[in-house]
Amino acid sequence: MDQEVLDTQPDEVETLLIVLKEIDVKTALSKSKLRELDYSLNPYYGCQFSCLYCYARKFTPHEEASNRWGEVIVVKRNLVEVLLKEVQRVRRGTVGLSTITDPYQPVEGSRLLTRRSLEILLSKDFRVSIQTKSPLVLRDLDVLVRHRERVDVGFTVTTLREEVWRRLEPGAPGPKARIEALKRLRGEGIDTWLFMGPVIRGMNDGEVRDIIVLAGEIGTRIVYDKFNEYGISLGLRGDKGWWEAKEREILRSCEEVGIECHSEVEDWIHEERRRFLPLF
Ligand code: SF4
């Protein structure tokens, strides 16, 4: 039986009433369909950040978390126990943390499933690739610094403008907080990247150069992607010609600024290059 707990989660945007549920899982690591990852690990189902363009709900196998996206968060309460056993028997590889939730959404502040998973994976010589929108990742700086040769952290930055952020990502920390966190991680020698996406026509596509310049100042690489609908309609659709021109602008700007830059579909090439390191 799911255990239902009403919990108020303060964050910098607004206080939301969240329903927390707890489940037991049989597996912790899932084989990833993304070429750049071997496994994905999602400590929670559902995501309080409630981004307008989010397609993770489509891939979330928990009905309530998927249907009441942003309101119902499911905690995998036995995750650590299961992961401890799994890491003894599965082949080591790169783990994406996370692919259908944000691993540092507010519930992580008290549940610590991401932190514990990170400690287990890194101590067992797995490589971990984190993607988040939350500066809560800085809480785990001690773990990240200790294993910096096997971890990278990506921050999603879709916009630098407050009105666009509030419209697109109403429950997530603002862009300023994300950029400050990215700088801090970079300053600590962590391999960082900025995920510039989704780029949405008529919404944030005029900002790509500003974001690239900022990434240049931080000294971090860029992974970019366009908005993929997955059945989600924002009423804004970019056609092929628009994206081709936008992609040329992105690549030109990255070259001018002097930072490494590639599309999401090419991210596996970057990962392949890192694999030559004899870690597993
Ligand atoms: S942070 Fe990621 S998983 Fe969470 S709602 Fe936004 S896009 Fe979806």
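Keep in mind throughout that the model is predicted.

**Stop 1: isoleucine 212 and what surrounds it**

Isoleucine 212 sits in helix 8, which spans residues 208-218. What is isoleucine 212 in contact with, leaving aside its neighbours within four places in sequence? Show Met196, Ile222, Ile250, Ser253, Cys254, Val257 and Ile259 to see these contacts.

**Stop 2**

Next, select residues 191-199, which form strand 10.

Colour strand 9, residues 151-156. Strand 9 runs parallel to strand 10, and five bridges join the two. For one of these pairings, click valine 153: its bridge partner in strand 10 is threonine 192.

Then colour strand 11, residues 221-226. Strand 11 also pairs with strand 10 in the parallel sense, over five bridges. Pick leucine 194 and look across to isoleucine 222 in strand 11, which stands opposite. Trace the chain from strand 10 through helix 8 to strand 11; this β-α-β crossover is right-handed.

**Stop 2: helix 2**

Move to residues 79-89, helix 2. Which of its residues are buried? They are Leu79, Val80, Val82, Leu83, Glu86 and Val87. These residues lie on the same side of helix 2 because they cover an arc of only 155° around the axis. An α-helix has 3.6 residues a turn, so residues three or four places apart point the same way.

Turn to the face directed away from the buried side. There you find the exposed residues Glu81, Lys85, Gln88 and Arg89. Back on the buried side, display strand 6 (72-76) and helix 4 (113-123): the buried residues of helix 2 pack against both.

**Stop 3: the ligand**

Finish at the ligand. Which residues surround it? Select Cys47, Phe49, Ser50, Cys51, Tyr53, Cys54, Trp69, Thr101, Asp102 and Lys133. Colour this shell by class: six residues are nonpolar, two are polar and two are charged.

Definitions and conventions
Residues are numbered from 1 along each chain as its sequence is written. This is a predicted model: local features need pLDDT of at least 70, side-chain atom pairs count only at pLDDT 80 or more; totals for chains, interfaces and linings use all residues. Side-chain values use heavy atoms; hydrogens and water are left out. A residue is near a molecule or strand if one of its heavy atoms lies within 4 Å of it. Ala, Val, Leu, Ile, Met, Phe, Trp, Tyr, Cys and Pro count as nonpolar, Asp, Glu, Lys and Arg as charged, and the others, Gly among them, as polar. Buried means under 20% relative accessible area, exposed over 50%, partly exposed in between (1.4 Å probe, protein chains only). Helices (H or I, at least four residues) and strands (E, at least two) are DSSP runs, numbered from the N terminus. Two strands pair if DSSP finds at least two bridges between them. A crossover is right-handed if, with the strands pointing away from the viewer, the path from the first strand over the helix to the second runs clockwise. Contact means heavy atoms within 4.5 Å. The arc is that of the directions from the helix axis to the C-beta atoms.
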